[in-house]
Each structure stands twice: as C-alpha cells, then as structure tokens.
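Try each task before you read its solution.

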Amino acid sequence: MAKKNTLGFGFLPEEDQHHFLVLLPTASKKQSVVIYERFVWDDAAVQTSEIYPATGYKKKIILDYDKWERVKDALETEFNRTLKATNRRVAHFKSGQNPVERLLGKEMLVLLWAIEDCDPTLIPVAIKNWLGFSREERWWLFTMTNAITGDADSKRGWRIALRYAITDNFQAEEKSQQDLFASLMQ
C-alpha cells in the first residue's frame, strides 16, 4: 500500500483542516520558535515564511530556539514512529512552516509547555517522562492544560503543574509512568 502523501508531520488538509503550525526561524537561530493552532488551511499562506495574525490562528507558545533544538530530535523520532505505524510519510523539521497533524500537535505542546520556563538541564528528564506517557495520556494532559492556559501568554495553573510534573520528577526511573500519570490526576 502506498504511503499517504502528507504535509509536514502527518497533516492532510483534505481530511481535517485543524492542525498545528511550527514556525521555525529562517534568518537567525536567535529568533524564537512560534507554534500556532490553526483551524483552516490556506494554500496561499504556505508561500510565505511568516505568519500574520488571522482568523483561525491561535498562538500557543513562543519558545527559545535553544530549547527547541534540545527537543526537536525526540519529537521527530516519536512523530515518525507514529507516522510509520499509520502508513504516512516521515518528515523532518525545517526552517519556515512545518504543519503538524492535530493529535501529534497536542502531544508536542505537552512537552513544549513543560520545558518553556524550565532550567535547560531538566530537558532530558522532561523528554524521558514525556516519552513514558501513552498518546492518550498526552492528549488528556493537553486538553486539561489547554482549557485554561492554552494561549502563548498564559503561564499559570495547569501550565505550571505540567512543568513540575514532567521536569521535576527525578524518580521517573524508579516509578512507572502509569504511577506518574495517576499522581497527576489526584
């Protein structure tokens, strides 16, 4: 069976226009990475490297490029594992616009929200803990966090809890991720 020809990471606009867009700097690595949740797909907008505020765009996070570089490979590996399992083409993040299928985007944001304000030395712990969650657990964490603090400028409540739960858990090697998830729900 032929692999589905997707855009970016698993995105098929003819199936569902809801997706996330990772905008990676094209000029300088000192610029931030910006991620939008979008509910429409505009083929004309793909021709530009910049995103302008528009209806149907929600800015979800502005992340330091250095932190992005530290998690990019883990995201690519995990996404491509999922894409292979669903017979979709694998992808790699590149400068400019990178569409991400909506469920993969939700998973991505759980990790990125957890590391956005953390000490960079905690990022390997965050990646390990994030990988320990099932996809469904990541979706649940996204839903809970997004409901109250899903905008780029909203860094309180669940955003803070997510950061501590995923980056401050040094016992992750001793405890199962199921135990970690159970503790988050208490």
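A residue counts as buried when its relative accessible area is under 20%, and as exposed when that area is over 50%. Keep in mind that this is a predicted model.

**Exercise 1. Decide whether Asn80 is buried or exposed, and find what it touches.**

Solution. 
- Step 1: Locate the residue. Asn80 sits in helix H1, which covers residues 65-85.
- Step 2: Compare its area with the cut-off. The relative accessible area of Asn80 is 9%, so Asn80 is buried.
- Step 3: List its contacts. Not counting residues up to four places away in sequence, Asn80 touches Phe9, Val90, Ala91 and His92.

**Exercise 2. Work out how H1 and H2 run relative to each other, and which residues meet between them.**

Solution. 
- Step 1: Take the geometry. The angle between H1 and H2 is about 155 degrees, and their axes are 11 Å apart.
- Step 2: Apply the cut-off. Angles over 145 degrees count as roughly antiparallel, and H1 and H2 are therefore roughly antiparallel.
- Step 3: H1 and H2 cross in a right-handed way.
- Step 4: Look at the side chains. From H1 come Lys67, Trp68, Val71, Leu75, Phe79, Thr82 and Leu83, which meet Leu104, Met108, Leu111, Leu112 and Ile115 of H2. Sorted by class, this contact holds ten nonpolar, one polar and one charged residues.

**Exercise 3. Find the residues with the most contacts inside the largest nonpolar core, and the element that gives it the largest share.**

Solution. 
- Step 1: The largest nonpolar core has 38 residues, and Trp68, Leu75, Met108 and Leu112 have the most contacts inside it.
- Step 2: Elements that give two or more residues to this core include strand S1 (19-24), strand S2 (33-38), H1 and helix H4 (135-149).
- Step 3: H2 supplies the largest share, nine residues.
- Step 4: Beyond its neighbours within four places in sequence, Met108 is in contact with Phe20, Val22, Ile35, Trp68, Leu75, Phe79, Val100 and Trp130.

Technical notes:
Residues numbered from 1 in each chain as written. Predicted model: local features only at pLDDT ≥ 70, side-chain atom pairs only at ≥ 80, totals over all residues. Heavy atoms only, no water. Helix = DSSP H or I, 4+ residues; strand = E, 2+ residues; numbered from the N terminus. Buried < 20%, exposed > 50% of the residue type's maximum accessible area, 1.4 Å probe, protein only. Contact = heavy atoms within 4.5 Å. Core = buried A, V, L, I, M, F, W, Y, C linked by side-chain atoms within 4.5 Å. Axes fitted to C-alpha atoms, helices over the stretch in contact; angles between N-to-C directions. Parallel < 35°, antiparallel > 145°, perpendicular 65-115°, else oblique. Left-handed = near helix turned anticlockwise from the far one by under 90°. Nonpolar A, V, L, I, M, F, W, Y, C, P; charged D, E, K, R; others polar.
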